[in-house]
Amino acid sequence: MIIFTWLNDQLLKMLWLSDGIKWLLEKIFGLDVQSQLGGSIHFFIYDVVKIFILLSILIFTVSYIQSYFPPERTRKLLGNVNGITANILGALLGTLTPFCSCSSIPLFIGFTSAGLPIGVTFSFLISSPLVDLASVILLASIFNWKIAIAYVIVGLILAVTAGTIISKAKLEKYVEPFVYGAGNMAYVPETLTTKDRIEFGKQQVLDIVKKVWLYILIGVGIGALIHNWIPENVISALLGDDKWYSVPLATIVGVPMYADIFGTLPIAEALVHKGVGIGTALAFMMAVTALSLPSMILLKKVVKTKLLFIFAGIVTFGILIIGYLFNIFGYLLM
């Protein structure tokens, strides 16, 4: 247990990095990290460096695994199962795709045009940006493994439940007709070598980091501001876990934003540090990643308004339930 704690602190939480940055700021630049300015700079540098290190390692690892599941093979795997089993498999496969919700739309089109039930593709669409493996490790690095594992479980339940409801409701007629005619994806035999997979992993790291670096900087910047400049009593008065409206408010605030989950994690970290319920912070994260306005606009191009509202309504209801449950029982996980 002692060894695991040490490894968790040094490899995942990177306390050595925090100590190193603290020494650098205090000894070289003469800043007091206990002050607002020094604390903000320490928070910003530490979180940015830690997130980029973990993100690069994790994206490479996940992408290497993902190279065994190209869209053609994924479609073939999902096509061999039916019912809720297909929704579960679709949600699990979504955890292997480190995409934002907007990036998942082309795969949604490909899977649907290949004849997969739309409920299965929606399970994938929700799971992909919400509970990919990289975000889980980062969540554990900021909070703990209990929170991270619980987040995975509820995220997958939300993806499977939403997909199953959509499947049972027989809403195929509310998908735009052109999606079904987009052309089936032919299965291509796997020919990648180990070197190819390594190169694929490297390219995925570069591509994804290019897409999310700005959101990470903005998210960490907001987190540093909340962490060091906004008084705890102000945050608690607005979003304290004793406020019944904190979860709906966090969900509503998250919808207009467009950021990857990696950019929302530092904000959630700062909010929880200021006394905001873990459920409220997670509701904000889930709303940003699963219900962001830009992703809804893109989704509207492939589904009709009724299906879009049904999807958004189911996911919103699920996020609210998850938020309240974590606020009530989250103290058991902290």
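Leucine 158 is buried, with a relative accessible area of 6% (buried means under 20% relative accessible area, exposed over 50% and partly exposed in between, using a 1.4 Å probe and protein chains only). This is a predicted model, in which local features need pLDDT of at least 70 and side-chain atom pairs count only at pLDDT 80 or more, while totals for chains, interfaces and linings use all residues. Residues are numbered from 1 along each chain as its sequence is written, and side-chain values use heavy atoms, with hydrogens and water left out.

Leucine 158 sits in helix α9; helices (H or I, at least four residues) and strands (E, at least two) are DSSP runs, numbered from the N terminus. Setting aside neighbours within four places in sequence, leucine 158 is in contact with Leu130, Met286, Ile314, Val315, Gly318, Ile319 and Ile322, where contact means heavy atoms within 4.5 Å. Threonine 280 is 122 residues from leucine 158 in sequence, and 16 Å separates the two in space, C-alpha to C-alpha.

Serine 167 also lies in helix α9. Serine 167 is buried too, at 18% relative accessible area. Leaving out residues up to four places away in sequence, serine 167 touches Asn87, Gly119 and Val120. Between serine 167 and glycine 119 there are 48 residues in sequence but 4.4 Å in space, C-alpha to C-alpha.

In soluble globular proteins, nonpolar side chains tend to be buried together. Here the largest nonpolar core has 82 residues, and Phe122, Tyr151, Leu299 and Leu307 touch the most other members. Helix α9 (residues 145–168) gives the most to this core, with 12 residues. A second, separate core has 10 residues, among them Ile226, Leu239, Ala270 and Phe284. A nonpolar core is a set of buried Ala, Val, Leu, Ile, Met, Phe, Trp, Tyr and Cys residues joined through side-chain atoms within 4.5 Å.

## The largest pocket

The largest pocket holds about 520 Å³ of space. On a 1 Å grid over the protein atoms alone, a pocket is an open set of points where a 1.4 Å probe fits, with protein on both sides within 12 Å along at least five of seven lines, and lining residues have an atom within 4 Å of a point. Grid points are joined across faces, edges and corners, and the volume is the space filled by probe spheres set on the points.

Of the 22 lining residues, Ser18, His42, Tyr46, His227 and Glu269 are the closest to the centre of the pocket. Two or more lining residues come from each of α2 (15–28), α3 (36–66), α8 (133–142), α11 (194–229) and α14 (261–273), and α3 gives the most, with six. By class, the lining has eight nonpolar, eight polar and six charged residues; Ala, Val, Leu, Ile, Met, Phe, Trp, Tyr, Cys and Pro count as nonpolar, Asp, Glu, Lys and Arg as charged, and the others, Gly among them, as polar.

The side chains of glutamate 199 and lysine 202 form it, at 3.8 Å, N to O. Both residues lie in helix α11, three residues apart, about one turn of the helix. Glutamate 199 is partly exposed at 42%, and lysine 202 is partly exposed at 43%.

## Two positive phi angles

Most residues other than glycine have a negative phi. Methionine 14, not a glycine, has a positive phi of about 55°; methionine 14 is in the loop between α1 (2–12) and α2 and is buried at 4%. Lysine 170 also has a positive phi of about 55° without being a glycine. Lysine 170 lies in the loop between α9 and α10 (177–180) and is exposed, at 59% relative accessibility.

Definitions and conventions. Salt bridge = Lys/Arg side-chain N within 4 Å of Asp/Glu carboxyl O.
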